[in-house]
Amino acid sequence: AFVAQLEQLQNGTGSSPRALPARALSLSTSSVRSCDVFWLSSEIAVLSALRPAPVRTLKGVLPLRSRSVRKKIKMCEEQTVSLVDVLEEDEELEEEASAVLAGSDSDHCSYPQGYVKRQALYACNTCTPQGSEAAGVCLACSYTCHEGHDLFELYTKRNFRCDCGNGKFSGLQCKLHPEKDDVNSLNKYSHNFFGVYCTCRRPYPDPDDQVEDEMIQCVVCEDWLHGRHLGCVVPDCVEMQEMICESCMNKHLFLWTYAAHLGVQSPAVQKKEEKGEQSEPSIPESEEKSDNIDEPSCKRSREEAEPSCRLKELQEAGQNRDQSGAVFWPPAWRSKLCSCSSCQVRLSDAGLSFLLDESDTVLAYENKGKNNEQRQQGHDPLMSALDNLNRVQQLEIIHGTHN
């Protein structure tokens, strides 16, 4: 209906599309296509459907991202949205899809790469439904081996090896890399692989949940949790921050020490600090005095070779924090974690060595995907050709593409 009305407008027989009913502009995941947008006047927008986008790029996975949920347009019959709103929303979704998917290979199974540091993953409800063993498949296998299947988007997971066609799949052989071990013993699975999320273990989108909420991923267990189930206030700039859920914090108690000094503080604590009610130092006193103490050079060289434990210094500083609810962490917080030999062993034993790797973050993966997408696209010859045409020629060519 949307395209038809645009064509009528172009032919001079339709009305302005500035406030079409939302139901006519609903971005159905079964029919939406990636479009190149050409603004030719303030009244006309012509969309040329040049490349069909895989349905899975716009279904399910992207709404899990907090910024998509915060900004998404409510699509209901009682509301209207402008054409600009729809195009901006579609552009944002496409950018996020590129960020997620461009970091993974869509043509080749990732199994030969071993346990990939981070990749886009899917679970097939058709092949491994509830009650069977959990399994995950890579982006390429989701397109080639599971086309038309009921898939759950898992966004990205770390250190995972593609399961497609292995011993967990009865009657299915991977078309891209059939030679696989029966089990990938180092893979980690959760209830996400059966299409449920959060501590409430509900699907997303949830047809029975009428509460508008955002879902945020824990960087440790990588589960997605509703904002209202985190046990804390969600900060405003959540897109640039990482979150560790309360369950993971309590599982690794030493993280609470870091949280007291490095974590994002609740609005109540921030107000107290603004009023000058909190005077506890966030930096250990020993670090502040270190510059004023003259020590023998041999002792300094020995300390340089064996750096002091920052975690122990933070513990001695004695700053307290309420140990409840999820914890949000500001950008670059990982670089401030202690990396002494004893702390590296502690993190390794807890399976948290990735916290010392800033390239492990989802933001780093997304940026890599965006850079890959830009390198692959280069300079579009079609866009270059259109730029050299006048407005009438552009309309004629684009209208011919639709026909």
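Author: The answers below set each value against its definition. This is a predicted model, in which local features need pLDDT of at least 70 and side-chain atom pairs count only at pLDDT 80 or more, while totals for chains, interfaces and linings use all residues. Residues are numbered from 1 along each chain as its sequence is written, and side-chain values use heavy atoms, with hydrogens and water left out.

Reader: Why is the pair of Tyr-155 and Trp-224 called edge-to-face?

Author: Rings of Phe, Tyr and Trp (its six-membered ring) pair if their centres lie within 6.5 Å; planes under 30 degrees apart count as stacked, over 60 as edge-to-face and the rest as tilted. The centres of Tyr-155 and Trp-224 are 5.4 Å apart and the planes stand at 85°, so the pair is edge-to-face.

Reader: What makes Tyr-155 buried?

Author: Buried means under 20% relative accessible area, exposed over 50%, and partly exposed in between (1.4 Å probe, protein chains only). Tyr-155 has 2%, so the residue is buried. Trp-224, at 2% relative accessibility, also counts as buried.

Reader: What is the arrangement of Phe-160 and Phe-193?

Author: Phe-160 and Phe-193 are stacked, at 5.8 Å centre to centre with 20° between the planes. Phe-160 is buried at 1%, and Phe-193 is buried at 1% as well. Phe-160, Tyr-189 and Phe-193 form one aromatic cluster.

Reader: How do you know that Arg-161 lies over the face of Tyr-111?

Author: A charge sits over a ring if NZ of Lys or CZ of Arg is within 6 Å of the ring centre and within 35 degrees of the ring normal. Arg-161 lies over the face of Tyr-111 at 3.8 Å from the ring centre.
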